[in-house]
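My notes follow in the order I looked things up.

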Protein chains: 2
Amino acid sequence: MSPDHGTLEAEQSFERYLAGRAALVDTYLDRYLPPESTPPEKISRAVRYSLFAGGKRLRPVLVLAAAEAVGGTVEDTLPAAAAFEMIHTYSLIHDDLPAMDDDSLRRGRPTSHVVFGEAVAILAGDALQTHAFAVLADPPAPCRLSADRRVRAIAELASAAGVGGMVGGQVLDLEFEGRPVDAATLERIHRHKTGALIRASARVGGIVSGASEDDLSRLTRFGEEAGLAFQIVDDILDVEGNDASLGKSAGKDARSGKATYPLVHGVSEARRKAEELVSSALGRLKPFGAAGRPLALLAEHMIRRSR
Amino acid sequence: MSPDHGTLEAEQSFERYLAGRAALVDTYLDRYLPPESTPPEKISRAVRYSLFAGGKRLRPVLVLAAAEAVGGTVEDTLPAAAAFEMIHTYSLIHDDLPAMDDDSLRRGRPTSHVVFGEAVAILAGDALQTHAFAVLADPPAPCRLSADRRVRAIAELASAAGVGGMVGGQVLDLEFEGRPVDAATLERIHRHKTGALIRASARVGGIVSGASEDDLSRLTRFGEEAGLAFQIVDDILDVEGNDASLGKSAGKDARSGKATYPLVHGVSEARRKAEELVSSALGRLKPFGAAGRPLALLAEHMIRRSR
């Protein structure tokens, strides 16, 4: 997956795009959330600790890039982008809890429950979920999203985050821990646990921008394929990576008997599958022309990343 | 607080009203939620286990009665009523966790984490919060609530459930556990932990029914006073009650050094305060005339209850 000279240039210019968009999301989150000093301070600090822990902001940038593909504006899309990052972060905090995956390290830093204790970590996750729906329901100016698009975005986010999506996937993941899984079960876990939210990121970018049904279908397929590719690459990195570049204990998923793509299919088949999915995802974007370019680069970036 | 003959009759007729409204909420929740057999089954069962654990449905009935006071319809209000019960139930599941209040009994039954394990209990709470916003964002027919009223209701619910409300109150409660609290701190905990959601129940009943600003202010004050009275009575019952009628370990809050009203003010002053609050709350309802009667009876019921 090492880029040749041509893609290296595109990749460097894309890194700037990605960094710029991520900075917009960071600034938005920082302005939207109560300051650290807001009482009770402990929870305000815990919420910010995890939200500003060096996350790559892939989901919110995906929301922004999907909106861009169909002519949406950054102002009207940022609340949705922020909401997806908040839901993602809440899920990481809860997944890391001792009762769940029991992780003490995330993105190279101690996890929330290690720093703030389990009770506050649970509540910080709860609060982040609430914030996500709050920002979409009542986004501050200059966002001028209609109430109709706001409820559609909320419904979409809730559907992807709930039992039929992310939470259901986490339950499946826990259920199959330490048990052999077949390829179909593994794909089901991935589609729920991470796939649903990535798919919804692309869809909501379209929804807040008033995408046509056809464009929304394209974004949906794109999100499904890119999402699964992303998770496969995540699995590969877990097998191949080291603690420093991953920011978490490498090989941890494999050691704990978690179902992973390389475990079921082997590394080279997993890599081939990821490439195939991204190639198909890129094909979906053709009708968007130049407007779909950031989304395409984002998908390529997702499988070329090293962490 | 034992009722005289006149109020006894009103109370009996009100018990029928309350039971009827609670049944409407139960039926709605049952139809809305995925059946127990929905995969992953474990989470579907856990969600239903706590939601149908014999709760009194006070919050959803409050939403319905507030809507009734300002001319709202049951059809358009039931999604909001259900959402409040789901948020309330999620908070109970998480509060009962070993890392929080560590309760093994709730409403006379083993708590969620005792039955399903901590991981699933955390996820069931998470899922219920998501469901709450989902039902408000996309309520099934025959609800015909406008998108505008839906986003207002979602924003209101989120604000009451988040760091500025319920979650913030739980953090405060944990922070002051085992420490002496003054009257002001105690009231702050109560206003956040239980008060915010009860206040919002009354407000959202008004919002979904298109209440005027004046009527919304009345419902707000009513909700604040009734909510605080409710919590004071809860504290008194904890001191005086027994395990059987409470469905939880009596005196538990007092033993764990939790801040309670009778602890800070004494039982008789606590009772006087609750009566005073409800009396003031009832006064707010006068302009609603007969339409406000269910809301008035509900407030009286809240302080006369024995569990």
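Before I start on handedness, the convention: a crossing is left-handed if the near helix is turned anticlockwise from the far one by less than a right angle, and right-handed if clockwise. I also keep in mind that this is a predicted model.

**Entry 1: α4 and α7 in chain A.** I took this pair first. The crossing of α4(A) and α7(A) is right-handed. On the α4(A) side I find A:A80, A:A83, A:F84 and A:I87 making the contact, and on the α7(A) side A:A153, A:L157 and A:A161. The two axes come within 11 Å and cross at roughly 20 degrees. Angles under 35 degrees count as roughly parallel, so I put α4(A) and α7(A) down as roughly parallel to each other.

**Entry 2: α10 and α14 in chain A.** Next I checked α10 (residues 213-240) and α14 (residues 267-284) of chain A, which pack at an angle of about 155 degrees with their axes 8 Å apart. That makes α10(A) roughly antiparallel to α14(A), because the cut-off for that label is over 145. I noted this crossing as left-handed. The residues in contact include A:F222, A:A226, A:A229, A:I232 and A:V233 from α10(A), and A:A270, A:A274, A:L277, A:V278 and A:A281 from α14(A).

**Entry 3: the core.** Which residues have the most contacts inside the largest nonpolar core? I get A:I154, A:L157 and A:A229, plus B:I154, B:L157 and B:A229, in a core of 202 residues. In soluble globular proteins, nonpolar side chains tend to be buried together. I then followed B:A229: beyond its neighbours within four places in sequence, B:A229 is in contact with B:A274, B:L277, B:V278, B:A281, B:M302 and B:I303.

**Entry 4: α15 in chain B.** I call α15(B) mostly covered, with nine of its twelve residues buried.

**Entry 5: α7 in chain B.** B:I154 and B:L157 turn up again here, both buried in α7(B). This helix (residues 147-161) has 15 residues and reaches 21 Å between its end C-alphas, close to the 21 Å expected. Eleven of the 15 are buried, so I have α7(B) as mostly covered by the cut-off of 20 or more other C-beta atoms within 10 Å. What do the buried residues of α7(B) pack against? From chain A I list α6 (118-137) and α7 (147-161); from chain B, α4 (74-95), α6 (118-137), α8 (166-175) and α9 (183-208).

**Entry 6: between the chains.** I then looked at the contact itself, which takes 41 residues from chain B and 41 residues from chain A. On the chain B side, the elements giving two or more residues are α2 (41-51), α6, α7 and α8. α6(B) gives the most, with 13 residues.

**Entry 7: B:H113.** Last, a single residue. Is B:H113 buried or exposed? I find 26 C-beta neighbours inside 10 Å, so B:H113 counts as buried. B:H113 is placed in helix α5 (residues 112-116) of chain B. Leaving out residues up to four places away in sequence, B:H113 touches B:D96, B:L97, B:P98, B:E118 and B:A121. I also took a separation: the C-alpha atoms of B:H113 and B:V171 are separated by 20 Å, with the two residues 58 apart along the chain.

Notes
Residues numbered from 1 in each chain as written. Chains lettered and ligands numbered in written order. Predicted model: local features only at pLDDT ≥ 70, side-chain atom pairs only at ≥ 80, totals over all residues. Core = buried A, V, L, I, M, F, W, Y, C linked by C-beta atoms within 7 Å. Contact = placed C-beta atoms within 7 Å. Helix = DSSP H or I, 4+ residues; strand = E, 2+ residues; numbered from the N terminus. Expected span 1.5 Å × (residues − 1). Axes fitted to C-alpha atoms, helices over the stretch in contact; angles between N-to-C directions. Parallel < 35°, antiparallel > 145°, perpendicular 65-115°, else oblique.
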